[in-house]
Amino acid sequence: DVQYTDIDYMERNLDFTLSPNFSGLPALINKIKAEGMRFIIILDPGISVNETNYYPAFSRGMDKDIFIKRPDSDEILYSKVWSYLPNIEIDESLPFEEIVEKFAAHCAFPDFFRNSTADWWKNEILEVYNNPNASKSLKFDGLWIDMNEPAVFVDGAIGGCRNDLLNNPPYMPHLASRSEGLTYKAPCMEAQQYLADGTPVRHYDVHNLYGWSQTKMTLEALQAATSERGIVITRSTYPSSGRWAGHWLGDNTAAWDQLHKSIIGTCQEKGSAVLGSWNGLVPWFVLLPWCFYLSQALQPSFSNNTLLFQRQDPAVWDARFHEISRNVLNIRYTLLPYLYTLLYDAHAHGSTVVRPLLHEFVEDRETWDMDKQFLWGPALLISPVLTENDVSVIAYFPNARWYDYHTDTDTGFRGQFQNLSAPLEHINLHIRGGHILPWQAPANTTAFSRKNPMGLTVALDDALFAEGHLYWDDGVRIGT
């Protein structure tokens, strides 16, 4: 159970700072942790370079020579990221480009391939955690790294780019704006970086590895600070990033089409600690299927982001919503031992947590392009409502024995599509025969539910056989 904070907690969105508006944050974190919950803070890679007052993160980065530069030059490649300047009222009616040009902060990007950058990054994170001033020490449990594609708010760099062939190659990938070239919301491709052994490389050659290169050192810094396993969530990933971090899909919106897209995104990312967020305000009867799918039915991770919008967490709605969301949340908490085991398997063996039906029924052609249902591991089938006002869902049942999760009854469905009733208060879950699900009585938080009695749901296959396994540890030690 995690509370997290976006860049609002920082002073003018500057990494490793604390806004006066959030002076109570250290005490809040301590209170939340005392109640058995956790706290995650966000960090962006762009470091402001045009501060009038001393900004330690930039000054120490300059001393260690960690920033990306122009090729064959000591000139840092400056870009712009969103950062409000003090005592300035921004005219939101202006075009976005004009607002960025006037008010976005100049920044430099660390070269996370370098060993010196790893040392700098770790030290800055440790200083936030171990600030000698207790009123400014943030005892976080996890780190959320964002904007690390890397993403910028001015194409290329301040002063422009200088290698047209690299920035506008003859074979362009399908980007959001192909006419802008590879520098669309990205740094100049000719920018100079250095691998750990000192080998120079162009940003063109390692652009897709930027988030990857930040991830491992972030986990190492987190564990050095907390002495616990912790968690890192990153927006930009590359194959093998999952060894150090979970992935979040970016800013999902509270819109019906995003439900379907988030299933696809989760399955593409191996379904391991994938995070989505809601942006936009919607009435609870529209919001409710998001609760079903994202929180309870059943993403590995779930967040609700109300930046720029009024509150939309379950507590602000009516009693019916409270009851429905509580019931479905209890399903998630009950199944945490199974989910935890799947996450361990993904870590230890490279398997998937959320997976498409294709992964389990590869010989069944019906599953090959099926992306509106998904599985937790091999055993739990989730069939969510994805269309507004629908109170039923067409679900496919591959050739196996399937039991209704809520009633434990054998459905008799196999190798067929079935129209299932799906009223607001119900999410269709089915257990595959031949598998055993470990579960635990739920409580208000995972810290308390982990102390509750455990049980097994044994779902027999046609041969009256079932198997399963459980991984369980203290959840915090490193290296178990």
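Biologist: Why does Arg70 count as buried?

Modeller: This is a predicted model, so every label rests on computed values. Arg70 has a relative accessibility of 3%. Buried means under 20%, so Arg70 counts as buried.

Biologist: Where is Arg70 found, and which residues does Arg70 touch?

Modeller: Arg70 is in the loop between helix H2 (56–64) and S4. Leaving aside residues up to four places away in sequence, Arg70 touches Glu75, Leu77, Ala157, Ile158, Gly159, Gly160, Cys161, Arg162, Glu190 and Gln192.

Biologist: What makes Val458 partly exposed?

Modeller: The relative accessible area of Val458 is 48%. Exposed needs over 50% and buried needs under 20%, so Val458 falls in between and is called partly exposed. Val458 is in strand S19 (residues 454–459). Together with Leu456, Leu460 and Leu464, Val458 makes a nonpolar surface patch of about 380 Å².

Biologist: Why are S4 and S5 called paired?

Modeller: Pairing needs at least two bridges, and strand S4 (residues 79–81) has three bridges with S5, so S4 and S5 pair. The sense is antiparallel. Within this pairing, Lys80 has His106 in S5 as its bridge partner.

Biologist: What makes S3 and S5 a pair?

Modeller: Strand S3 (residues 47–48) and strand S5 (residues 105–108) are joined over two bridges, in the antiparallel sense. The requirement is at least two, so S3 and S5 count as paired. Ile47 stands opposite Ala108 in S5.

Biologist: How many aromatic pairs does a search of the whole structure find?

Modeller: The search finds 21. Among them is Phe112 with Tyr210, at 5.4 Å centre to centre and 70° between the planes.

Biologist: Why is the pair of Phe112 and Tyr210 called edge-to-face?

Modeller: The centres must lie within 6.5 Å, and planes over 60 degrees apart count as edge-to-face; at 5.4 Å and 70°, Phe112 and Tyr210 therefore qualify. The pair links distant parts of the chain: Phe112 is in the loop between S5 and helix H4 (115–129), and Tyr210, 98 residues apart, is in helix H7 (residues 210–226). Phe112 and Tyr210 are buried.

Biologist: What makes the pair of Trp120 and Trp121 tilted?

Modeller: Trp120 and Trp121 lie 5.8 Å centre to centre, with 40° between the planes. Stacked needs under 30 degrees and edge-to-face over 60, so this pair is tilted. Both Trp120 and Trp121 are buried. One aromatic cluster includes Phe112, Trp120, Trp121 and Tyr210.

Conventions:
Residues numbered from 1 in each chain as written. Predicted model: local features only at pLDDT ≥ 70, side-chain atom pairs only at ≥ 80, totals over all residues. Heavy atoms only, no water. Patch = residues over 30% accessible without salt bridge, like charges linked within 9 Å, V, L, I, M, F, W, Y side chains within 5 Å. Areas by Shrake-Rupley, 256 points an atom, 1.4 Å probe, with all protein chains shown as cover. Salt bridge = Lys/Arg side-chain N within 4 Å of Asp/Glu carboxyl O. Helix = DSSP H or I, 4+ residues; strand = E, 2+ residues; numbered from the N terminus. Buried < 20%, exposed > 50% of the residue type's maximum accessible area, 1.4 Å probe, protein only. Contact = heavy atoms within 4.5 Å. Phe/Tyr/Trp six-rings, centres within 6.5 Å; stacked < 30°, edge-to-face > 60°.
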